[in-house]
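I would like to begin with the whole protein and then turn to one part of its surface.

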Amino acid sequence: MGIIAWAVIGLLAGAIAKALMPGKDPGGCLITMLIGIAGGLLGGWLGKVIFGVHSINGFFHLSTWIAAVVGSVILLAIYRLVARRRTH
């Protein structure tokens with residue numbers, strides 16, 4: 001996949017992760033996109049390690065989107081913990 005496809009998947013996966021985990025989040029669209037892109041990579045890696053599948057197949061494959069959203073939720077949770085500790 002190209003860099004534009006990763007950016008689009010990242011933005012959408014990050015937005016879906018924020019919708020699944022309601023609450024106030026520090027950071028705007030750029031942070032959401034970065035969390036989503038990193039989440040897609042994390043989700044793909046976890047899918048490969050845990051389930052032995054190649055979960056990042058292409059832009060329109062459901063496994064790509066599931067991996068990106070799951071990875072984004074994990075990273076968003078970690079980001080919230082780190083940001084909350086920094087403010088308190």
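The protein exposes about 5,500 Å² of surface, and carbon and sulfur atoms supply 75% of that area. Please bear in mind that this is a predicted model.

Let us consider the overall fold. The protein has three helices and zero strands, so that, read from the N terminus, its elements run α-α-α. Of the 88 residues in the protein, 33% are buried. As for contacts between residues at least 6 apart in sequence, 69% of them join residues at least 24 apart.

I now turn to the surface. Which residues form a nonpolar patch there? They are L62, I66, V70, I74, I78 and V82, and together they have about 520 Å² of accessible area.

V82 lies in helix 3, which covers residues 62-87. Is V82 buried, partly exposed or exposed? Its relative accessible area is 44%; buried means under 20% and exposed means over 50%, and therefore V82 counts as partly exposed.

I74 is also found in helix 3. With a relative accessible area of 32%, I74 is partly exposed too. Which residues does I74 touch, if we leave aside its neighbours within four places in sequence? I74 is in contact with L42 and L46. A further pair is I74 and G43: they stand 31 residues apart in sequence, while their C-alpha atoms are 8.8 Å apart in space.

To conclude, I74 belongs to the nonpolar surface patch and is also in contact with L42 and L46. Thank you for your attention.

Methods
Residues numbered from 1 in each chain as written. Predicted model: local features only at pLDDT ≥ 70, side-chain atom pairs only at ≥ 80, totals over all residues. Heavy atoms only, no water. Patch = residues over 30% accessible without salt bridge, like charges linked within 9 Å, V, L, I, M, F, W, Y side chains within 5 Å. Areas by Shrake-Rupley, 256 points an atom, 1.4 Å probe, with all protein chains shown as cover. Salt bridge = Lys/Arg side-chain N within 4 Å of Asp/Glu carboxyl O. Helix = DSSP H or I, 4+ residues; strand = E, 2+ residues; numbered from the N terminus. Buried < 20%, exposed > 50% of the residue type's maximum accessible area, 1.4 Å probe, protein only. Contact = heavy atoms within 4.5 Å.
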